[in-house]
Amino acid sequence: MHVVEIIVSPLLALIIGIFFLGLSRKIMARIHWRYGPPITQPVIDVIRLFSQKAFSHGMMFNLGIILSLAGSFVLILFLPMGNICPLSNSGGMLVILYVMLLAPLGIALSGGEAANPNVSIGISRKLIIALGYEVPLLLVLLTIMTRYHTISIVEIVRIQQNTTWALLDLPLLLSGIAYILILPAILGVRPFEIVQAPQEISSGPMAEYGGPFLALATIQHALSLFIGIALFVNLFLGGAGNPFTFFLKMLVVFILVLFINAALPRLRVEQAVKYLWRWPTLISLAGMIIILIIRR
Amino acid sequence: MDRNQLTKWLKTPVKMGHKYSLHAVYFCTGCGIIEVPPVITARWDAERFGVIPVATPRQANLFLITGYVSVKTLKAIIRTYEQMPEPKFTVGFGSCPVNGGMYWDSYNTIKHLDKYIPVDGWIAGCMPRPEAIFVAVVHLWTLIDKDMADGYKRYRKDYKAYRANQEQLFGTLEWPPLFPIGESK
Amino acid sequence: MNDSLKEQLTSVFTDVKVFIPEEDRIVITVEKEAVLSVLSFLKNHGYSHLGLISCVDWIEEKKLELVYILSAYMQEDESYHDKERTTIILKTKISREKSEFLSVTPIFVNAEPYEREIHELYGIHFDGHNRLTPLFLERKYETPPFRKDFDTRKYVQDVFDNIPFVEKKAENK
């Protein structure tokens, strides 16, 4: 049973992630009053990309993207989707915090081998944005761990199933608001779509990827989308008892994020970091102080 | 539309993949580039055909050469074309790549693009309307179905002749040959 | 305003013909030795914007004519309104076989790309210009392409039509 869960869970995340990518293009098209591609368009793209014969810059170029993809796949095993959670007793939130950084590091490794200045600019922006949202994210996670007295994310879901959602729990409201404010930065949608800016730096770290590398990068993007939304749903919206309700909650959150994506332009990287270190940090700091006072 | 036919997808998924996801390099060649932004925005939507512009030639497989090609632009076009991963398709858009068009006796434009890089299809007009891009894309689909869109294979096979033409126009080129040229007899 | 400028020019310089074809336009024709001094004189009088340097090929007279177009920037106070509306066109003629001239970059720094273009397309060499490298063209031409004795059709036939099509070349193998 355990082995089946380990195999099924990343596959399910992959399918849902690719479905979200296609859904995002379709919904953005309908917002723009045009028809848009079919929802299975990312699948067609990935099939075509795997059949192309691309140019590789060296060994580290090949290995970097595989490292990033492996990090994302492993992270899926620690996140509960409903009642499927293969590695539930193995460290929970602390492991998630560490493994979440493998994705940008893998892409940075492969981008160092590619001799393109656009790639270097894109990678520096990616790491700066990661620095930007890690500070309020850390404060929010510490607040939740303090409130529920546990680091296991499965425990947190179970407590929320028994009592109420963490977002509606009054002491945790400020942390919830702070997390909602930094959610677009974690997902990489506008106004924080700084990493992949096709008009400015020719799509950043993916500028030298062609063929199979771009297919792997698309899959990694789908998985990172899934991870960002799944973490929010598990921590603040209560998780779910079965996978179907879980995916329904993820869908609602994703569509709301897409609406923000359609309406706003892109910030510069220093404006983004200034914003992320100001209001969300202050709000999450206030939430943490409230939780510490209540615990005492 | 045969995009929904499951049997075709199961038999030849690679060919269907090449047909329905043509990503075009956003290379703005000449005056014809004014016809491309209306095509990719909301009025004549090219994304429902699977055609979107991408930023780098490494991610693309369609090269749309719009408008006249001066001698300096041809250098950039050859370098961009050689960076694209195979299989790749080229479409000459407008009358100027076909036979020189309006600039047929100019001292600085090339008259036939087919001598320097292989071209799969032409669209005549000065400028063609945006619907002509859609006609070209649908025609390119039928060509891909019949395996007749083989510009990249011809480039590989006749690379000696293409490189000789390019060197006759420019003198020596700064970049090395893409495929190894055999010893001349 | 235009008449006073005309009087000043004819009193300071000899051998200068000033012609006013219509309102707000002055055409000054000078010999080629006096161009730099007339340009500094006009610049000191407020016409400090060099708009364009152009060239005309008079093939029957065997001369190339250089045309400088000057105008005045807008000032803050009211008294310069007439000057802002006038355009000054300065013309000189140089010989066509030995086409050399002095560069005006010491007076107007922004003359550099115009003179580069004229050097490339008409073949005039400018002394004192620090960067006379090709601007638009990629090939070498024996006759500069904008001169009237440049045969474009023969050039196209010699250079572009001599490059063979690739399929025909492959068939002949």
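**Notebook: sheet and contacts in a predicted model**

I began with helix α4 (residues 112–122) of chain C, which lies across β3 and β4 of chain C and runs at about 10° to β3(C). I note that this is a predicted model.

I then looked up the sheet in chain C. Five strands form an open sheet in the order β1-β2-β5-β4-β3, and the pairing is mixed. β1 (17–22) and β3 (49–58) of chain C stand at the edges with a single partner strand each, so one side of each has no neighbour in the sheet. Neighbouring strands are turned by 20° against each other on average, direction ignored.

Within this sheet I followed β2 (residues 25–29) and β5 (residues 87–95) of chain C, which run parallel and are joined by five bridges. I found Thr87(C) in β5(C) as the bridge partner of Arg25(C). Helix α2 (residues 35–44) of chain C lies across β2, β4 (63–71) and β5 of chain C, at about 170° to β5(C).

Next I examined where chain C touches chain B. The contact takes 14 residues from chain C and 16 residues from chain B. On the chain C side, α5 (152–159) and α6 (166–172) each supply at least two residues. The largest share of that side, four residues, comes from α5(C). By class, I recorded nine nonpolar, one polar and four charged residues on the chain C side.

Lastly I turned to chains A and B. Helix α2 (residues 41–50) of chain A packs against helix α2 (residues 13–20) of chain B at an angle of about 115°, with the axes 8 Å apart. α2(A) is therefore roughly perpendicular to α2(B). Their crossing is left-handed.

Technical notes
Residues numbered from 1 in each chain as written. Chains lettered and ligands numbered in written order. Predicted model: local features only at pLDDT ≥ 70, side-chain atom pairs only at ≥ 80, totals over all residues. Axes fitted to C-alpha atoms, helices over the stretch in contact; angles between N-to-C directions. Parallel < 35°, antiparallel > 145°, perpendicular 65-115°, else oblique. Left-handed = near helix turned anticlockwise from the far one by under 90°. Contact = placed C-beta atoms within 7 Å. Nonpolar A, V, L, I, M, F, W, Y, C, P; charged D, E, K, R; others polar. Pairing = 2+ DSSP bridges.
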